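Biologist: I have a structure to look at and would like to learn how to read it. Could we take it one feature at a time?

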Number of protein chains: 2
Amino acid sequence: MINTLYFTFTDKAIQKKAFDAIVKEQEHIGYYNLPDQDIAPILEYCSTISEAIDTIAVIGIGGSSLGAKAVYEFIRPNKSMKRKLYFFESTDPVNITTLLEKIDLSRTHFLVISKSGSTVETFSVYKYLYALQTDISSFTFITDPGSALENYAHEAGASVLHLPKNVGGRFSVLSTVGLLPLALCGIDIKALLEGAKGLKESFFNDGYMKGILLEKASFYAKHHAQYHINCIFAYSESLKYFCEWYVQLWGESLGKHQRHSAFNVGLTPIGLIGPKDQHSFLQLIMEGTRDKSVTFIKIEDFQDTLTIPNVSLPHMEALDMLNDLPFAKLINMQCDSVIEALHEQNDIPLDTLTLSNISESNIGALIFYYELLTSLVGELIDVNTYDQPGVEAGKVILKKKLSQKM
Amino acid sequence: MINTLYFTFTDKAIQKKAFDAIVKEQEHIGYYNLPDQDIAPILEYCSTISEAIDTIAVIGIGGSSLGAKAVYEFIRPNKSMKRKLYFFESTDPVNITTLLEKIDLSRTHFLVISKSGSTVETFSVYKYLYALQTDISSFTFITDPGSALENYAHEAGASVLHLPKNVGGRFSVLSTVGLLPLALCGIDIKALLEGAKGLKESFFNDGYMKGILLEKASFYAKHHAQYHINCIFAYSESLKYFCEWYVQLWGESLGKHQRHSAFNVGLTPIGLIGPKDQHSFLQLIMEGTRDKSVTFIKIEDFQDTLTIPNVSLPHMEALDMLNDLPFAKLINMQCDSVIEALHEQNDIPLDTLTLSNISESNIGALIFYYELLTSLVGELIDVNTYDQPGVEAGKVILKKKLSQKM
């Protein structure tokens, strides 16, 4: 993965302080260790699932679904999958019914994923599906050790897998939470983790990524009051769900009360897909308020030869310049043109991330890159990157309403 | 549709000025007239498409696809459709191949939609598909009168329909651009327009919507420097693509150089879906910088009886309060709980839009509501709501690259 910055920030003292803090954080934040884990137990568990199962359905929401979905949807169009993967992640009844129409219960294995073990959405849907499919061996549970959900699952005779210690939901894609559904569908999770590991080592062992990540994070933090909207502009439809994963990671980690002040701070994530969003959001970036940074993500080699045919159409000769051009080349030219146009503005912080191709290794690296960037920026803008106290108030009100049947 | 504001703005002089400007704008901006159009020609054209055609594929991008997609995806889960609808809206080769695998060319009718007639994405894909499916009667073209595309289509012997005068792409969903694909798939476009017409009349004829839209628009405009991120938080999965339509409408209309100053201004749209995004973006709204307004959209009656069964599970008794609750009731309780939690913060501008049910009439009203709101805010923040000069620079660079085959 190549990362080119179109901005600079050279305060090495600040960068060293951030790096040291992250090195220390490894002692108590679990996600840093995930690239080095032993995946044999996960692969072994996968082998216990019958070959007659052709569908995996995750019952989970937020951090329990977004990561696996990001990887699956990135790889799927380019690889024949062993099983289909669906996500029950809403209490919308229409959505539940629509999903149920797509699956055959007798050939589906369900993964019930809830870190706390008491997520309202997950448990509502689980109760409904369990009433339809009462064979408990069709369900596997993933939760924190000792949760009420674990106790229930044991009593019901179901299998339980654990989240590793100190890994929060939105940083859990490279744990059992993401790896189990992905491995069951035929995604190469070894390559996924190797990609993440390469990125990790490059950062922690003075490699290419250390300087770049520190420079980018410190620039974002320094200018967070001005450039407080951080757009990803990905030129590949298959990165659509990666953008959704990024939105949770960035928004939920960095929208906080500062630790040493009472101020509300926050960096707002936006996910865009090119070239489609050139016809939507680009105008706002180009001429709107100067409050946005933009990171372009490109696929260097789509490994695809689909080509615009050499056809000249009467009255449309002006577009003959498209003839014989591979679509893969066109989409990257479109991306380069937009970068150039924005760069000419001079006051929009830009950078590009180039993935060599669509592969497990590359998405693993991209995931770990964004996790590290989030940790660094969180440290530098002085927030607790790993909690989410703001979502509790709504849950308390809901429980009150439920108990009063309001 | 009921709109409840949790904020006030009472300067009647400013509101009157905005209203008068919009009344005057009707003389030269075409979208205001769309609810009153005669749809007989569109329905008649639909009847010329063979019953053997079971798939409609739109080749179009931005304003040529987002509107029809928003309506189709809103209605589809609740209604059996006459035909399937797909959208070719990217130059991503993997995406084109994936879409082609889903359709049977011999049973597909293509709608090539380009206002200017020379959109690079649309024409690249058209050339490719035309080489596969050389029978020109499988294509219908929608473009501005007199465009090169119209001339080509006529020469090729294909049918051409026109966009009405002075209707821009992102305001075109209620014109042929949206109505033709929707009608071909069995969407009741008469009801769609009636919903829009009801909203229009309520606004222009001193009805319920006049005061509310003026108050909301003037509040947004007055505080645009502070609350410059405007979130829609829709509690229905079927509004996902409505959010994408809103993002284009709002961002591309309101991100501009001001007319009477050199300043860049802009209101940034964000589309969220509940309850999913309670587990993603909500933390940032709750504790992040006070720069966001939030509009909740609720479906009052999902017309769905799916219910959480009355099952008590050992160790999980705390969640028995969910038993016997219809999902439709739960999702609205979740929405109300988040509204209450945010309202307690006191400094986040909130409002709610309640649709009585999932119907063509309601989505028609919602579309026209947002178009009017956009026009009003654009007028009040002093931008040209209807152009998009910022996207030209990238197009010029691309054409240069293409001609040099760089």
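Modeller: Start with domains, whose bounds come from an automatic or database domain assignment. In chain A, domain 1 covers 2-26 + 191-389 and domain 2 covers 30-187. The C-alpha centres of these two domains of chain A lie 28 Å apart. This is a predicted model: local features need pLDDT of at least 70, side-chain atom pairs count only at pLDDT 80 or more, and totals for chains, interfaces and linings use all residues. Residues are numbered from 1 along each chain as its sequence is written, while chains are lettered from A and ligands numbered from 1 in the order in which they are written.

Biologist: How many residues of domain 1 of chain A are in contact with domain 2 of chain A?

Modeller: Two residues are in contact if their C-beta atoms, placed from the backbone, lie within 7 Å. By that rule, 24 residues of domain 1 of chain A meet 23 residues of domain 2 of chain A.

Biologist: How many residues does each chain give to the contact between chain A and chain B?

Modeller: Chain A gives 92 residues and chain B gives 92 residues.
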